[in-house]
Amino acid sequence: QVQLVESGGGSVQAGGSLRLSCAASGNTYSMAWLRQAPGKEREVVAAINPGGTKYADSVKGRFTISQDKDTLYLQMNSLKPEDTAMYYCASSVAPTYTARLLIPSEYRYWGQGTQVTVSS
């Protein structure tokens, strides 16, 4: 059984930075950070597997995903109000092709989420 626990969310002004962390236990494979804003679909903002990383166009150059043993990180810089959302850590149940890393349905295990609010 995979368990994922996020931390590090909060409120910040536009242009600021936050770092999210996700403590993982169990057999994880490809991992990702997803977000969902009110009234919008859940989207993968960054993902990682042994083959590399992928980012949504909206966060390229501003967000960095990394992994250290059982902890997944998301460093978020130059935050914008449109980054406001609930952020979730997620893991796939099997290795994922790098080309499919940004597809939300690839991820079956989810954390409880951590809120990020960016004010203008």
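**Questions on a predicted all-strand chain**

Me: How many helices and how many strands are in the protein chain?
Reply: Read along the sequence, the pattern is β-β-β-β-β-β-β-β-β-β-β. The count is zero helices and 11 strands.

Me: What share of the contacts between residues at least 6 apart joins residues at least 24 apart in sequence?
Reply: Contact here means heavy atoms within 4.5 Å. Take the contacts in the protein chain between residues at least 6 apart. The share joining residues at least 24 apart is 62%.

Me: Which strands stand at the edges of the open sheet of four strands?
Reply: The sheet has the order β1-β3-β8-β7, with antiparallel pairing. Each edge strand has a single partner, so one side of it is left without a neighbour in the sheet. The twist averages 15° from one strand to the next. The edge strands are β1 (3–7) and β7 (63–68).

Me: Which residue in β8 stands opposite Phe-63?
Reply: β7 and β8 (residues 71–76) pair in the antiparallel sense. Six bridges link these two strands. Opposite Phe-63 stands Met-76.

Me: Is Arg-62 buried or exposed?
Reply: Arg-62 is found in the loop between β6 (52–55) and β7. Beyond its sequence neighbours within four places, Arg-62 is in contact with residues including Gln-75, Met-76, Leu-79 and Asp-83. The cut-off for buried is under 20% relative accessible area. Because its relative accessibility is 10%, Arg-62 counts as buried.

Me: Which element gives the largest share of the largest nonpolar core?
Reply: That core has 27 residues, and those with the most contacts inside it include Trp-33, Ile-65, Leu-72 and Met-76. The elements giving two or more residues to it are β3 (18–25), β4 (31–36), β5 (43–49), β7, β8, β9 (85–91) and β11 (114–119). The largest share is four residues, and it comes from β3.

Me: How many residues are in the second, separate core?
Reply: Leu-34, Val-44, Leu-101 and Tyr-107 are among its members. In soluble globular proteins, nonpolar side chains tend to be buried together. The second core has seven residues.

Me: How many of the seven residues of β5 are buried?
Reply: β5 pairs with β4 over five antiparallel bridges. Four bridges join β5 to β6, also antiparallel. β5 is mostly covered. Its buried residues number six.

Me: Which residue in the turn between β4 and β5 has a positive phi?
Reply: β4 and β5 form a hairpin with six residues between them. Across the pair, the bridge partner of Arg-35 is Glu-43. The phi in question is about 80°. The residue is Gly-39.

Me: Which residue in β6 stands opposite Asn-49?
Reply: A hairpin joins β5 to β6. Opposite Asn-49 stands Gly-52.

Methods
Residues are numbered from 1 along each chain as its sequence is written. This is a predicted model: local features need pLDDT of at least 70, side-chain atom pairs count only at pLDDT 80 or more; totals for chains, interfaces and linings use all residues. Side-chain values use heavy atoms; hydrogens and water are left out. Two strands pair if DSSP finds at least two bridges between them. Axes are lines fitted to C-alpha atoms, for helices over the stretch in contact, and angles run from 0 to 180 degrees between N-to-C directions. Buried means under 20% relative accessible area, exposed over 50%, partly exposed in between (1.4 Å probe, protein chains only). A nonpolar core is a set of buried Ala, Val, Leu, Ile, Met, Phe, Trp, Tyr and Cys residues joined through side-chain atoms within 4.5 Å.
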